[in-house]
Amino acid sequence: MQNILRKQMSRGEILVGEKLELRELKDRLVQENRKPTKYGTSNFAFEDASPSPDSSQGEGKLTLDMAAADEKEIRPECEDGRESWDSKLQFMLATIGYAVGLGNVWRFPYLAQKNGGGAFLIPYFIMLAIEGIPVFYLELAVGQRLRKGAIGAWNLVSSYMGGIGISSAVVSFNVALYYNTIIAWCIFYLLHSFQSPLPWSHCKTGFNSNNNECNKSSPTQYFWYRETLNISDDINHPENFNWSIAACLFIAWLLCYGCMIKGIASSGKVVYVTATFPYFVLVAFFFRGITLEGMKDGIIHLFKPNWTKLSDPVVWLEAGTQIFFSLGLGFGGLIAFSSYNPVHNNCYRDAIFVSITNCMTSMFAGIVVFSILDP
């Protein structure tokens with residue numbers, strides 16, 4: 001009789017009785033009169049309460065719909081509708097790609113040779129330990145636990161701190177402005193690199209060229225200042241509008257839009273290229289650099305320690321600034337990335353791994369750059 005009743009009822013109306021498979025109630029805390037009861041055989045859901053035709057619609061009986069409602073109340077984090085990364089690898093690549101950038105490839109080698117060479121590594125790694133890794137871990141933990149972006153997370157912390165999240169968004173937008181400008185320059189150089197000979201390898205001859213200006217400087221400087229930027233003497237006397245750079249800038253913003261159009265569904269796929277491509281380029285430049293004459297002198301010039309610099313507080317300040325700039329702390333991006341992680345993800349291990357990877361990349365990039373540059 002009970003089986004006949006079950007065939008006539010919808011799944012949500014089926015009463016929970018002894019015939020219901022236990023896997024339907026696994027790890028579920030059933031509540032009676034909104035008060036939690038015990039698990040196991042003491043739970044009335046496991047008692048022998050086979051329904052009869054007269055009592056199949058009784059108010060005191062527990063149905064699957066009621067049990068599902070209880071489960072939603074117990075596990076609200078699974079029902080917030082927040083997207084998730086397709087895999088842990090996507091999150092790691094996105095975070096590494098976020099941290100590794102121009103700060104590693106160009107700014108770190110410059111600061112290292114300016115502030116004592118190998119001696120600069122001492123304040124650099126100290127600042128990494130006392131401010132870099134802790135703040136990196138803090139941002140990952142906040143985003144992962146609250147499952148919100150920077151603005152939403154700070155609003156949850158306190159309604160008075162919502163401005164911090166907005167400030168992070170404004171700072172990130174300002175960074176995007178000049179980073180996309182640099183990308184526009186890269187696109188401009190990339191398009192011109194298909195010419196033979198390269199336009200920055202010699203001074204052009206012709207009606208539109210200025211040989212005197214090129215000969216007084218160099219072909220590379222002339223191509224950069226005159227043909228790429230078309231720089232003016234001062235801000236009061238601007239040159240004509242630079243349509244070529246404007247077009248490259250539009251392409252740069254279009255690429256950003258294409259990567260973010262579907263949220264992490266699209267950006268999660270893009271990171272497989274954007275996070276790994278810089279390492280392929282660095283490795284290629286490394287093998288090219290070690291074959292050049294004078295490579296050893298350049299690396300010695302980079303890491304030769306000047307211990308007197310350690311007494312200069314500016315060196316320590318620049319080491320701390322480089323850590324913040326390189327890891328991307330305070331921009332809100334780490335909070336947003338980690339908000340797509342499962343709540344119980346081991347973000348402590350992620351913070352240490354990404355931070356160490358970022359710093360090792362800086363040192364490797366310094367070796368690559370100074371193996372090519374003439375000291």
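Is Ser-326 buried or exposed? Ser-326 has a relative accessibility of 2%, so it counts as buried; the word buried means under 20% relative accessible area, exposed means over 50%, and partly exposed lies in between, with a 1.4 Å probe and protein chains only.

This is a predicted model, in which local features need pLDDT of at least 70, side-chain atom pairs count only at pLDDT 80 or more, and totals for chains, interfaces and linings use all residues. Residues are numbered from 1 along each chain as its sequence is written, and side-chain values use heavy atoms, with hydrogens and water left out.

**The chain as a whole**

The chain contains 16 helices and two strands. Both are DSSP runs numbered from the N terminus: helices are H or I with at least four residues, strands are E with at least two. Of its 375 residues, 34% count as buried. The accessible surface comes to about 22,700 Å², and carbon and sulfur atoms hold 63% of this; such areas come from the Shrake-Rupley method with a 1.4 Å probe, and for residues only the protein chains shown count as cover. Among contacts (heavy atoms within 4.5 Å) with a separation of 6 or more, 77% are between residues 24 or more positions apart.

**Annotated regions**

An unreviewed UniProt entry lists transmembrane regions that include residues 319-340 and 352-373. UniProt positions follow the numbering used here, feature names are shortened, and annotations may be inferred rather than shown by experiment. Residues 319-340 are 68% helix and 0% strand, with end C-alpha atoms 31 Å apart.

Ser-326 belongs to helix H14, residues 313-327. Apart from neighbours within four places in sequence, Ser-326 touches Ala-99, Asn-104, Asn-358 and Ser-362. The side chains of Ser-326 and Asn-104 are joined by a polar contact of 3.2 Å. A polar contact is a pair of N or O atoms within 3.5 Å; within protein, one must be able to donate a hydrogen and the other to accept it, and residues adjacent in sequence count only if both atoms are side-chain atoms.

Val-100 sits in the loop between helix H3 (88-99) and helix H4 (102-114). Its relative accessibility is 14%, so Val-100 counts as buried. With neighbours within four places set aside, Val-100 is in contact with Tyr-279, Asn-358 and Thr-361.

**Aromatic rings**

The structure holds 20 aromatic pairs. Rings of Phe, Tyr and Trp (its six-membered ring) pair if their centres lie within 6.5 Å; planes under 30 degrees apart are stacked, over 60 edge-to-face, and the rest tilted. Two of the pairs are shown here.

| Pair | Centre to centre | Angle between planes | Type |
|---|---|---|---|
| Tyr-124 and Phe-125 | 5.5 Å | 80° | edge-to-face |
| Tyr-189 and Trp-200 | 5.1 Å | 40° | tilted |

Tyr-189 lies in helix H7 (residues 162-192) and Trp-200 in the loop between H7 and helix H8 (211-216), so this pair ties together parts 11 residues apart in sequence. Tyr-124 is buried at 0% relative accessible area, while Phe-125 is partly exposed at 31%.
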